[in-house]
Amino acid sequence: MVTRGANFKLSDKLREIKPIIWQKDKIAFLDQSKLPWKEEYLVCHNYKEVAEAIRSMKVRGAPAIGVAAALGIALGILKSKKKTTLQLFNELEVMVKVFKETRPTAVNLFWAVDKMKKKGLSFLNFTPKNFKKFLIEEALNIFNEDIETNKKIGKLGIQLIDDNDTVLTHCNTGALATGGYGTALGIIRYAWKKGKKVFVFVTETRPLLQGARLTTWELKKENIPFSLITDNMAGYLMRKKEIKKVLVGADRIAANGDVANKIGTYTLAILAKEHSLPFYIAAPTSSIDLNLDSGEEIPIEERSSVEVTHLAGQQIAPDGIGVRNPSFDVTPHRYISAIITEKGIVYPPFKLNLAKVKNS
Ligand code: MRU
């Protein structure tokens, strides 16, 4: 049964955001559906609860759902009553399938669960006790490496941020969207920490308001200056030269450099091009999917119409109307100036350079 843990409550003064906490026989997720109104942890006691937390976006953001799924599998294996290693592996395969059916677009989730399965296969000759132990270690490695990866992205990305820059960001790419620290927001966080004066424009990101609810919450904690804008204000502010560059994350990057990210990213990329502004993507190499030639092949999640007809639980449209709710869009690579990964900044030609960085 899912429980809500008051004992995990964050102090207002605590700057370091811990979106995911492995608790040996349970996992606590800072419930992102409740922010910024409540800082409350959702405690999952088995892998099915973790899968549901991903599906219902209590935990969200491409790297974060990869970490959550890996830890979810570790939890499932830990709690399994199976007697032999082969039986444990068979159960792991069932879990992998369950997690793969939670959300389709972010490749990090598929990357993380496939990594767990591959490790499981390599541990088939181990005792059941060691099979469990080493799979938990692998999930914790995925978790810790994600935080380190983000810090590397921050350190590399800072060279693209000037003093007194004004940067527009979309959705939430911060600590909440990852194991910790953040990708695009991690670069902003690092630039600020290093003394660069940066001002951030945060799009609200309808329908689920990840910008308004989550990115502003993170920036406020760090005292980084920002203005929240509605999604339709970006063009006006670019024309007024108030925005100097755009920096966003990615859910999946195809081999040719096309990028799937939160719905509205494509529109921002076209606006940036029209106003001759750099348009940057920040993402770990685990977001690169060399199996897909172009963005056309990336599966785009369609979510419930209620997310569009309702705002913070309040109905804002008449009953019985037609609604579309694609949760992501694809930005063609020609609109992208550079992709910042933990292994280097990738410039066009993306087809050549993404393969190099992914395989390095
Ligand atoms: O639907 P969400 O909130 O999971 O979508 C998240 C995004 O689109 C982020 O921009 C992306 O995952 C990058 S997070 C570092």
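This is a predicted model: local features need pLDDT of at least 70, side-chain atom pairs count only at pLDDT 80 or more; totals for chains, interfaces and linings use all residues.
**Close-up 1. The shell around the ligand.** The ligand is surrounded by 17 residues, and the closest of these are Arg60, Arg103, Asp251, Asn261 and Lys262. Two elements, α2 (62-79) and β10 (259-262), each contribute at least two residues to this shell. Because domain 1 (3-151) and domain 2 (153-359) both give residues to the shell, the ligand lies between them.

Close-up 2. An oxygen atom of the ligand lies 2.7 Å from an N or O atom in the side chain of Lys262, and an oxygen atom of the ligand is 2.8 Å from an N or O atom in the side chain of Gln210. The backbone also takes part, with a polar backbone atom of Ala62 at 2.9 Å from an oxygen atom of the ligand. Of the 410 Å² of accessible area that the ligand has on its own, the protein covers 99%, and the ligand sits in the largest cavity.

**Close-up 3. Two cis peptide bonds.** Arg206 and Pro207 are joined by a cis peptide bond with omega of about 10°, and Pro207 belongs to the loop between β6 (198-203) and α7 (210-222). The peptide bond from Pro348 to Pro349 is also cis, with omega near 5°, and Pro349 is located in the loop between β17 (344-346) and α11 (350-359).

**Close-up 4. The backbone at Lys24.** Although Lys24 is not a glycine, this residue has a positive phi of about 70°, and Lys24 is placed in the loop between β2 (20-22) and β3 (27-30).

Notes:
Residues are numbered from 1 along each chain as its sequence is written. Side-chain values use heavy atoms; hydrogens and water are left out. A residue is near a molecule or strand if one of its heavy atoms lies within 4 Å of it. A polar contact is a pair of N or O atoms within 3.5 Å; within protein, one must be able to donate a hydrogen and the other to accept it, and residues adjacent in sequence count only if both atoms are side-chain atoms. Accessible areas come from the Shrake-Rupley method with a 1.4 Å probe; for residues, only the protein chains shown count as cover. On a 1 Å grid over the protein atoms alone, a cavity is a set of points where a 1.4 Å probe fits but cannot get out, and a pocket is an open set with protein on both sides within 12 Å along at least five of seven lines; lining residues have an atom within 4 Å of a point. A molecule sits in a cavity or pocket if more than half of its atoms lie within 2 Å of its grid points. Helices (H or I, at least four residues) and strands (E, at least two) are DSSP runs, numbered from the N terminus. Domain bounds come from an automatic or database domain assignment.
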